[in-house]
Amino acid sequence: MPRKLLLPYKSVFSHFRAPRGLHDSLAMNAARSGYRVFSANSTAACTELAKTITERLGVELGKSAVYQETNGETRVEIKESVRGHDIFIIQTIPRDVNTAVMELLIMAYALKTSCARNIIGVIPYFPYSKQSKMRKRGSIVCKLLASMLAKAGLTHIITMDLHQKEIQGFFSFPVDNLRASPFLLQYIQEEIPDYRNAVIVAKSPDAAKRAQSYAERLRLGLAVIHGEAQCTEQDMDDGRHSPPTVKNATVHSGLELPLMMAKEKPPITVVGDVGGRIAIIVDDIIDDVESFVAAAEILKERGAYKIFVMATHGILSADAPRLIEESAVDEVVVTNTVPHEVQKLQCPKIKTVDISLILSEAIRRIHNGESMAYLFRNITVDD
């Protein structure tokens, strides 16, 4: 039998022609391949940040439906093709944290099964970030949430001012932890008259590093509140006393561990001079405001004539607006990482700084494969 001549791959198929219009279709798809921005929130108040970001980027908000069934289940419907696209999910966290988390997980999974190329979560305030350490016989819930987000399909996260920077190590994919301090520093310089006569205050020793960073950048003095009125996370039982001591317990002969002396906090003191000055208290989260109100009273007693509170995330739960309105605090400045329009109606002292500029620039740089270093210029670990 004569041998068949094996032609090269190209020559075998060279006589085939693509259907009419296919080349145009492929070129159009290549041109369309880019990114989409979706909002995972089911409430209109939480989509404002997403709308602001898309306006800055010059794109339309992705078409989707996020709603709750009558039995409370979350349903997400993606109403446009996302195949081969970079998808950015903007999720602000309202008071109903668990619903927001489920909305984010379900939308990420829906986009994953719709063949999105990359799914990037834009989560300005990362929920459960305060539960990032072991407490008694509890669990590190923040680590659990990080694993759930990875399993749902997220490949990258953009967030802002994590409560503990070590949280970045919980994730198996990249995390960009942006900073709000440049915007808050700009507010101090432009909106607080005679800010040169101010002193930056840490309401507890734990917040001293952040306060020191603000003070050094503004060339201002630093004060720290310390004493028995403060209760920090480090004072909580972390479970290392487990199991509980039992009477008549058998102890190995010769094993005598040194006893730790119980902590006893000194009377309340303010380290630093605040007399006749503007006091600016800085922190990352303001939720339960009792500690801020107590700090303001102490600063007022020490001679501060005006008191500001600056924080990145204004959660302001429960009756926080009323407590602020009745306190010695003159103004509370927070960013729009968390929706708080209702709280502002209840308390005119609450002011908002817009941080959508840095979030939109982060989205643009990640999609274009550009360096993120510009967004972290002059940023140190303590910021």
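Arg-377 lies over the face of Tyr-374, 4.3 Å from the ring centre. A charge counts as sitting over a ring if NZ of Lys or CZ of Arg is within 6 Å of the ring centre and within 35 degrees of the ring normal. Lys-203 is placed over the face of Phe-292, at 4.9 Å from the ring centre. The model is predicted, so local features need pLDDT of at least 70 and side-chain atom pairs count only at pLDDT 80 or more, while totals for chains, interfaces and linings use all residues. Residues are numbered from 1 along each chain as its sequence is written, and side-chain values use heavy atoms, with hydrogens and water left out.

Rings of Phe, Tyr and Trp (its six-membered ring) pair if their centres lie within 6.5 Å; planes under 30 degrees apart count as stacked, over 60 as edge-to-face and the rest as tilted. Tyr-35 and Phe-88 are edge-to-face, 5.9 Å centre to centre with 90 degrees between the planes. This pair links distant parts of the chain, since Tyr-35 is in strand β1 (residues 35–39) and Phe-88 in strand β4 (residues 86–90), 53 residues apart. Helices (H or I, at least four residues) and strands (E, at least two) are DSSP runs, numbered from the N terminus. Tyr-35 is buried, with a relative accessible area of 17%, and Phe-88 is buried at 0%. Buried means under 20% relative accessible area, exposed over 50%, and partly exposed in between (1.4 Å probe, protein chains only).

Phe-171 and Phe-173 form a tilted pair, 5.4 Å centre to centre and 55 degrees between the planes. Phe-171 is buried at 11% relative accessible area, and Phe-173 is buried at 10%. Together with Phe-126, Phe-171 and Phe-173 make up one aromatic cluster.

An open sheet of seven strands runs in the order β10-β9-β8-β11-β12-β13-β14, with mixed pairing. Its edge strands, β10 (269–271) and β14 (350–353), each pair on one side only; two strands pair if DSSP finds at least two bridges between them. The twist averages 25 degrees from one strand to the next. Axes are lines fitted to C-alpha atoms, for helices over the stretch in contact, and angles run from 0 to 180 degrees between N-to-C directions.

Strands β12 (residues 306–314) and β13 (residues 331–335) run parallel and are joined by three bridges. Val-309 stands opposite Val-332 in β13. Helix α6 (residues 181–191) packs on the sheet, touching β11 (278–286), β12, β13 and β14, and its direction makes about 155 degrees with that of β12. Contact means heavy atoms within 4.5 Å.
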